[in-house]
Each structure stands twice: as structure tokens, then as C-alpha cells.
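Biologist: Could you walk me through this model, starting with the terms you rely on?

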Amino acid sequence: MTKTAFLFAGQGTQKLGMARDLYDQYPIVKETFDQASRVLGYDLRDLIDQDEEKLNQTRYTQPAILTTSVAIYRLLVEKGLQPDMVAGLSLGEYSALVAAGSLDFEDAVALIAKRGQFMETAAPAGTGKMVAVMNTDVVLIEEACEKASDKGYVKPANYNTPAQIVIGGDVAAVDAAVDYLKEAGAKRLIPLNVSGPFHTALLKPASEKLALELEKVDFQDFQVPLVGNTEAKVMEKEQIKSLLARQVMEPVRFYESIDTMKELGLTKVIEIGPGKVLSGFLKKIDKNIEALAVEDEASLKALLNP
């Protein structure tokens with residue numbers, strides 16, 4: 001019995017012109033972008049096609065990826081595909097909530113536009129840093145962060161795969177943790193091109209503002225299980241608001257989420273949205289899970305006509 005999860009892309013995967021070919025060809029995709037533009041008060045399709053600088057600003061990145069992902073999701077449903085379970089990486093969790101029937105798309109767009117603004121202003125550019133630590137024992141990484149915490153805040157922010165853990169926090173503290181990790185033999189440490197130290201306590205102001213916005217939103221019952229980032233468990237309706245507020249400033253537990261999905265019977269994943277980051281993680285987590293990604297016309301055809 002195959003069980004398929006739809007996994008939704010997170011921030012950092014955006015690219016100029018993403019999903020343009022699908023937009024030109026499928027009315028449902030165009031309708032989704034038009035709907036988002038009405039909520040946002042600017043032409044989102046035009047921004048994605050023309051303005052790379054804005055597209056890379058968090059407050060615009062987030063609605064752009066959410067809308068691209070939901071548009072592709074709606075197209076897959078139109079083609080007869082349905083998930084048995086869903087999840088998303090960070091921002092992708094909002095796309096997953098829409099797919100699970102729990103969050104109205106227009107509410108999601110309005111919410112994510114605010115989330116992007118709050119995250120952008122919580123830790124001004126240059127105040128924080130994130131570094132991906134490759135092929136290093138998780139205990140060693142957590143210890144290096146502890147040791148460096150006399151220089152400021154630093155902790156794991158994303159548990160992507162057992163071999164890729166992202167640390168984040170104050171610049172000086174992250175740099176100190178990196179030095180400790182190098183001394184301990186870590187070879188590959190990759191600074192990330194992000195505008196803030198997301199999923200760390202430095203985003204507490206954003207979390208508090210987001211919590212107030214979440215109070216205004218009505219969430220519905222889940223139609224399919226959604227495995228959340230923050231606890232790597234199936235989300236309950238009454239937890240949604242607190243988990244989404246926490247998610248901004250707590251680590252993303254991606255590989256544990258995949259383990260939870262495997263307990264639910266996961267055998268196949270379709271990654272939805274720009275890029276193939278999550279499919280890449282999956283190959284490192286469990287090679288036995290079939291992983292496909294849909295981001296454009298070519299990948300859609302490959303999925304529908306294997």
C-alpha cells in the first residue's frame with residue numbers, strides 16, 4: 001500500500017520567473033496568483049518575473065513561495081492526485097495547512113505577508129547569521145553551541161538531515177561555534193544566504209507579533225494528517241496557533257518529521273514548490289522513499305507520465 005506525502009518548499013528556493021510556464025498554461029495556476037495579488041495589493045506574478053531584489057526580501061519571498069506552492073498543489077489535485085499526509089519546511093508549513101484543508105488560502109497569504117514582515121524586522125540584516133554544518137555528530141554541534149554561548153545566542157535552527165544541521169544566532173556566537181567545530185574536526189561549514197537568524201530565539205519579537213495575528217484566523221479541521229516542524233508530530237487543530245508562533249523561533253525538526261511520517265506508512269514523497277531541496281534531504285534521510293518534485297511543466301509531465 002503506497003502512502004504519498006506532499007512536502008512543501010521553504011524559503012531560499014525562490015527564483016526569478018518560477019512557475020511561469022505553468023501560469024501561462026493552466027487557468028487554476030493563474031487564478032491562484034490573481035487571488036494572492038488581490039490580497040497583497042500588488043501584482044505578485046509581475047514581482048516574481050521582474051524583480052529579483054524584492055523576490056529575495058523575506059516579506060515578498062514568503063507570499064511568492066506560498067502562492068507558487070499552492071498553485072502547483074491545486075493543479076495536482078485537478079490532475080487527480082491527492083496526498084495521504086502533508087508537511088512543509090518552515091514557511092512550507094503554511095502551504096501544507098492549506099493543502100490539509102485547515103487554512104483558507106487567502107487567510108494564508110495575508111498571514112504569511114505579515115509573518116515575512118515580522119521576521120524581516122525582528123533581527124535587522126547583519127545582526128544574525130546561519131551556518132550549515134555538514135557530516136558532524138549532532139551532540140558535538142549542540143556542545144559547540146553551548147560553549148560559544150558566552151559570545152551571545154547560538155543554537156541549532158534546522159535539523160534537516162542527520163548529516164546537515166543548521167546553527168543560527170548572533171554573529172559573534174555563531175562564529176565562535178564554527179571555530180569550535182573546526183577544532184573538533186568538522187570539515188564542511190557553509191554560511192547561508194539568509195536575511196536573518198530564523199528559527200532562533202532572536203526571532204522572539206516576530207513570534208509574539210505573529211501570535212497576535214494568528215488569534216484573528218479561523219482554522220478548520222484537518223482533512224489529512226499534517227506533521228509539524230516544531231514537535232515532529234501530527235498536529236492537532238487546537239495546537240495550530242501556538243505551534244505556528246513557536247515555529248518562527250524554534251528549530252525545524254525535518255528528519256524527525258520524516259520518521260513520524262514513516263510511522264504513518266509513508267512510501268513516496270512529492271515535493272511541491274520551487275527547487276528540489278526537500279527531495280535532496282530525503283535522499284540523505286532514507287533512500288527507500290521515492291521522492292519526486294514538481295516545480296514546472298517538465299517536472300509535472302515527468303510525474304504524470306512516468
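Modeller: Gladly: a charge sits over a ring if NZ of Lys or CZ of Arg is within 6 Å of the ring centre and within 35 degrees of the ring normal. This is a predicted model, in which local features need pLDDT of at least 70 and side-chain atom pairs 80 or more, while totals for chains, interfaces and linings use all residues. Numbering starts from 1 along each chain, and side-chain values use heavy atoms, without hydrogens or water.

Biologist: Good, let's apply that first term. Which residue lies over the face of Phe-33?

Modeller: A charged end sits over the ring of Tyr-23, 5.3 Å from its centre, and it belongs to Arg-45. Over the face of Phe-33, at 4.9 Å from the ring centre, lies Arg-45.

Biologist: Now the overall make-up, please. How many helices and strands does the protein have?

Modeller: Helices (H or I, at least four residues) and strands (E, at least two) are DSSP runs, numbered from the N terminus. The C-alpha trace that carries them spans about 55 × 45 × 40 Å along its principal axes. The secondary structure comes to 14 helices and 9 strands.

Biologist: What percentage of the 306 residues count as buried?

Modeller: Buried is under 20% relative accessible area, exposed over 50% and partly exposed in between, with a 1.4 Å probe and protein chains only. Within H12, the buried residues include Phe-254, Ile-258 and Met-261. Across the 306 residues of the protein, the buried share is 54%.

Biologist: Let's turn to the rings. How many aromatic pairs are there?

Modeller: Rings of Phe, Tyr and Trp (its six-membered ring) pair if their centres lie within 6.5 Å; planes under 30 degrees apart are stacked, over 60 edge-to-face and the rest tilted. Counted by this rule, the aromatic pairs number 6.

Biologist: Take Phe-8 and Tyr-73. How many residues apart are they?

Modeller: Phe-8 and Tyr-73 make an edge-to-face pair, 6.1 Å centre to centre with 65 degrees between the planes. Phe-8 belongs to strand S1 (residues 4–8) and Tyr-73 to helix H5 (residues 58–78), so distant parts of the chain are linked, 65 residues apart.

Biologist: Which residues form one aromatic cluster?

Modeller: The edge-to-face pair of Phe-8 and Tyr-73 belongs here. One aromatic cluster is formed by Phe-6, Phe-8 and Tyr-73.

Biologist: What is the bridge partner of Lys-129 in S5?

Modeller: Strand S3 (residues 128–134) and strand S5 (residues 164–170) run antiparallel, joined by 7 bridges. The bridge partner of Lys-129 in S5 is Gly-169.

Biologist: And in S2, what is the bridge partner of Leu-7?

Modeller: S1 and S2 pair in the parallel sense, over 4 bridges. Strand S2 (residues 85–88) is covered on both faces, with Met-85 and Ala-87 buried on one side and Val-86 and Gly-88 on the other. In S2, Leu-7 has as its bridge partner Ala-87.

Biologist: Finally, the backbone. What is the phi of Ser-90?

Modeller: Most residues other than glycine have a negative phi. Ala-19, in the loop between S1 and helix H1 (20–25), has a positive phi of about 65 degrees. Ser-90 is found in the loop between S2 and helix H6 (92–99) and is buried, with a relative accessible area of 10%. Also positive, the phi of Ser-90 is near 55 degrees.

Methods
Two strands pair if DSSP finds at least two bridges between them.
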